[in-house]
Amino acid sequence: MKIPATKNNWQTLVRVFKRSVIRIRNKSNSTSIVTTDKPQDALTIASPRTSHPATEDRKECAKYLCSLTNNNELRPRLSTVLRDQRAHEAFRIFLKGEYSDENINFWSDVESYKTLEDVEKRDQIANTIFSTYLQTDASCEINISYETKAETLKSMKALDSTTFNRAQNEILFLMESDAFKRFLSSILGGG
């Protein structure tokens, strides 16, 4: 069963691709819990329009996503979308519209965590990631298996860049097998 994107959600997705002005994401405006010394670029997203987006807008979004494909693929891969700034932000907005943006935020925070070299900062961020996404009844609790949660808690005793790998891979699989397909269908159409 396909769940169509709402009109406002679609309009926001279109704006992500349409806007050419790049701004620096303010720390207070960031949905990520991990901040780095270097600023992250983000696209400016205007308030939703009241009219339905034009066919040209859909074509522009679809064209951009198709430009991310490899060889003769019809649709881009999730890994490619997550590493492309514009596509990542569009997917995050789509997930927010489906009330599941904790998945992409967790994935992004773990990617940022992996780059941390300062041990104190790594400890602090690891604890924040765990309490935000993995702890039972966390504010943005992600849906992972008990075994994965237990293994991640065990690996918190000796933190390194692989501490959250199993949980991150489980969330990646969850996004790829469900929400990512709906995201692509909402822009590219088809199944």
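These legends walk through a set of close-up views of one predicted protein model.

The model is predicted, so local features need pLDDT of at least 70 and side-chain atom pairs count only at pLDDT 80 or more, while totals for chains, interfaces and linings use all residues. Residues are numbered from 1 along each chain as its sequence is written, and side-chain values use heavy atoms, leaving out hydrogens and water.

View 1. Follow the sequence along and you get the pattern α-β-β-α-α-α-α-α-α-α. Of the 191 residues, 42% count as buried, meaning under 20% relative accessible area, with exposed being over 50% and partly exposed in between (1.4 Å probe, protein chains only). The accessible surface comes to about 11,000 Å², and 50% of that belongs to carbon and sulfur atoms; such areas come from the Shrake-Rupley method with a 1.4 Å probe, and for residues only the protein chains shown count as cover. Among contacts (heavy atoms within 4.5 Å) with a separation of 6 or more, 67% are between residues 24 or more positions apart.

**View 2. Helix H4 (residues 85-97) packs with H5.** Two packed helices are described by the angle between their axes and the distance between the axes. For H4 and H5, the angle is about 145° and the axes are 7 Å apart. Axes are lines fitted to C-alpha atoms, for helices over the stretch in contact, and angles run from 0 to 180 degrees between N-to-C directions. On the H4 side, look for His88, Phe91, Arg92, Leu95 and Lys96; on the H5 side, Asp101, Ile104, Asn105, Trp107 and Ser108.

**View 3. H5 is a mostly covered helix.** Of its 14 residues, 12 are buried, including Phe106, Trp107 and Tyr113. Their cover includes helix H3 (78-83), H4, H6 and H8. From first C-alpha to last, H5 reaches 20 Å, close to the 20 Å expected at 1.5 Å a residue; that expected span is 1.5 Å times one less than the number of residues.

**View 4. Asp118 caps the N-terminal end of helix H6.** A side-chain oxygen of Asp118 lies 2.8 Å from the backbone nitrogen of Glu120. The 16 residues of H6 (residues 119-134) should span 22 Å, and the end C-alpha atoms are 21 Å apart, which agrees. Buried residues of H6 include Ile125, Ile129, Phe130 and Leu134. The buried residues of this helix pack against helix H5 (101-114), H7 and H8.

**View 5. Thr163 sits in the loop between helix H7 (146-155) and helix H8 (165-188).** Though in a loop, Thr163 is buried, with a relative accessible area of 5%. Its side chain reaches the backbone oxygen of Asp160 at 2.8 Å. Setting aside residues up to four places away in sequence, Thr163 touches Tyr113, Thr152, Ser155, Met156 and Ala158.

**View 6. Ala179 is a buried residue of helix H8.** The relative accessible area of Ala179 is 6%. Apart from neighbours within four places in sequence, Ala179 is in contact with Phe91, Phe94, Leu95, Glu98 and Leu174. Ala179 and Ser100 are 79 residues apart in sequence, yet 8.7 Å apart in space, C-alpha to C-alpha.

Definitions and conventions
Helices (H or I, at least four residues) and strands (E, at least two) are DSSP runs, numbered from the N terminus. A polar contact is a pair of N or O atoms within 3.5 Å; within protein, one must be able to donate a hydrogen and the other to accept it, and residues adjacent in sequence count only if both atoms are side-chain atoms.
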